[in-house]
Amino acid sequence: MDLPPRLAKRLRSARTWIALGVLAPLGMLVVSGLMLLDLRRDAWVQAEQTSKNLLQVIERDIARNVEIFDLSLQGVQENLRASELDAVSPAMRQLVLFDRSATARDMGVMLVIDERGNIAVDAGALPPRKGNYADRDYFRVHAERADVGLHIGRPLVSRLTGERMLPFSRRISKPDGSFGGVVLGTLKLAYFSRLFDQLGLGREGAINLYLHDGTRIMRHPYEEADIGVNIAGAPTFRRFVSAPSGSFVGTSVRDGIERHYAFTQVGDLPLVLNVALATDDIEAGWRAKAAVIGAIVLVLCGLTATLSLSFGRELRRRDAMQAELATLSRTDALTGLANRRRFDEVFETAWASARRTGKPLSLLIVDADHFKRFNDRHGHAVGDAVLKGLARCLSASVHRPDDLVARVGGEEFAVLLPDTDVEGAERVAGKVHAMVGTLAVASAAIGAGSVTVSVGLAGGVGGAGVKAETVYRAADAALYAAKEGGRNQTRRATAAGQGAERLAPLRLVQT
């Protein structure tokens, strides 16, 4: 059954609220997700910039100090070539060869080592301390090659002081170009440790300084076991030496932690520096924000969905109640058929359509014969059973979707037959009599054939001025003619001149 426009609109409104209850939280989740992704991207951009800034500061500090250190070594190289140096006293020679940088805070030892590996001049002692370094890698490198320049060796423990040092050395060549020894200067690893300790990199962050051959010079946080370890075969180190500088995310071979690595070569030196920030540390702040924001959004989404769905359910409940009331207001409570209100609405619409299209329309008015006797003799309960049986018989007599059976009065029914001419309506009336003839009420010993009906029939296509009410009155008049003619029969109201402005006077015909 079609719903009234107002009720249909309210049902659409309920569906809209339910849809909003689903879509609004989804929209909030999407927007929040995009916002959180943007915050995560900002965290990574900030980490990238922080790493680059730290690299720049550390790289410049190391490069500047090594340059100053190397200038001191070169000064010793050049001063050793002066012929007058052999004529001065050992103390003067020490002053001439070594400048004040030899006494700097992080300077280890500065020595002149002869071609046999023995200490010839010692910046830190007079007379020089004893020692032979012919077994050291830096000594062998310079002894074998004259074109090395500044050589930075692997970290070692000083034989003179017992401290961890990083050796820097240059070759001393005799006037004939042959090997004449080595100028050695060492830098305490404490310098790098102190430099790196000033920087906060998070719980799992790290700073590493390597030689180009993969030997680790220093790591922050400091652990003795890390110094001197070679990681040349590690995938991360291969990327460190693949470009002058860059960044990437990789997993450390040392502890298996995923980190963001920013790396650079230190000046023109064979040194590689990297700043490694753990990805967990980078995203820690973002995760905390995401957890708070996510919890708030989920709560809001849940409240929105709950309220919207609750409101939608309430609207649907109210609309269902109104739809039920609307159905009840258009339905006969006893028989379940359409009531007089529903019949009038459908009849007006069907008659207007028949006038517009020129198709026929027929109407049967059916009334139970001697119905008062059933009520008086058997009581109203039996009378109601008879009415229900008549409703079933009438409903069984029609089959098309547009046909309508309605209870329009106490024991009076109407059968509306759109697109049906008078002859077709007469056949339906015959079915009605046949079906009613089988009606019985066992509880009251009312057998088949005891209940009969009289039927008034009217039909045709009215003219422009003919109203549905006129057709109804014609069928009703035919019904009373059937009653007066002896009941249990159908009388038909005929209209001469179909399509005329008004129905012609009735001519009653017994069927």
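**View 1. The hairpin of strands S1 and S2 in the predicted model.** In this predicted model, S1 and S2 form a hairpin in which four residues lie between the two strands. Gly117 sits in the turn and has a positive phi of about 95°. The two strands, S1 with residues 107-114 and S2 with residues 119-122, run antiparallel and are joined by three bridges.

**View 2. The open sheet of five strands.** The strands of this open sheet follow the order S8-S7-S11-S10-S9, and their pairing is antiparallel. Strand S8 (216-220) and strand S9 (245-251) stand at the edges with a single partner strand each, so one side of each is left without a neighbour in the sheet. On average, and with direction ignored, neighbouring strands of this sheet are turned by 20° against each other. Within the sheet, S7 (residues 206-211) pairs with S11 (residues 271-278) in the antiparallel sense over six bridges, and Asn208 has Asn274 in S11 as its bridge partner. Helix H4, made up of residues 189-197, lies across S7, S8 and S11, and runs at about 30° to S8.

View 3. Rolling a probe the size of a water molecule over the atoms shows where empty space is left. The count comes to four cavities of 30 Å³ or more, and the largest cavity has a volume of about 110 Å³. This cavity is lined by 16 residues, of which Asn208, Tyr210, Arg216, Ser252 and Tyr261 are the closest to its centre. The elements that give two or more residues to the lining are S7, S8, helix H5 (235-240), strand S10 (258-265) and S11, and S7 gives the most, with three residues.

View 4. Most residues other than glycine have a negative phi, and most peptide bonds are trans. A cis peptide bond joins Leu126 and Pro127, with omega at about -5°, and Pro127 is found in the loop between S2 and helix H3 (137-144). Another cis peptide bond joins His220 and Pro221, where omega is about 0°; Pro221 lies in the loop between S8 and H5.

View 5. Arg487 is not a glycine either and has a positive phi of about 65°, in the loop between helix H11 (468-484) and strand S16 (490-493). With a relative accessible area of 32%, Arg487 is also partly exposed.

**View 6. The chain as the setting of the close-ups.** The secondary structure of the chain comes to eleven helices and 17 strands, and 45% of its 511 residues count as buried. Among the contacts in the chain with a separation of 6 or more, 60% are accounted for by residues 24 or more positions apart. The chain exposes about 26200 Å², of which carbon and sulfur atoms supply 55%.

Conventions. Residues numbered from 1 in each chain as written. Predicted model: local features only at pLDDT ≥ 70, side-chain atom pairs only at ≥ 80, totals over all residues. Heavy atoms only, no water. Pairing = 2+ DSSP bridges. Axes fitted to C-alpha atoms, helices over the stretch in contact; angles between N-to-C directions. Contact = heavy atoms within 4.5 Å. Buried < 20%, exposed > 50% of the residue type's maximum accessible area, 1.4 Å probe, protein only. Areas by Shrake-Rupley, 256 points an atom, 1.4 Å probe, with all protein chains shown as cover. 1 Å grid on protein atoms, 1.4 Å probe; cavity = no way out; pocket = protein on both sides within 12 Å on 5 of 7 lines; lining within 4 Å. Points joined across faces, edges and corners; volume = space filled by probe spheres on them.
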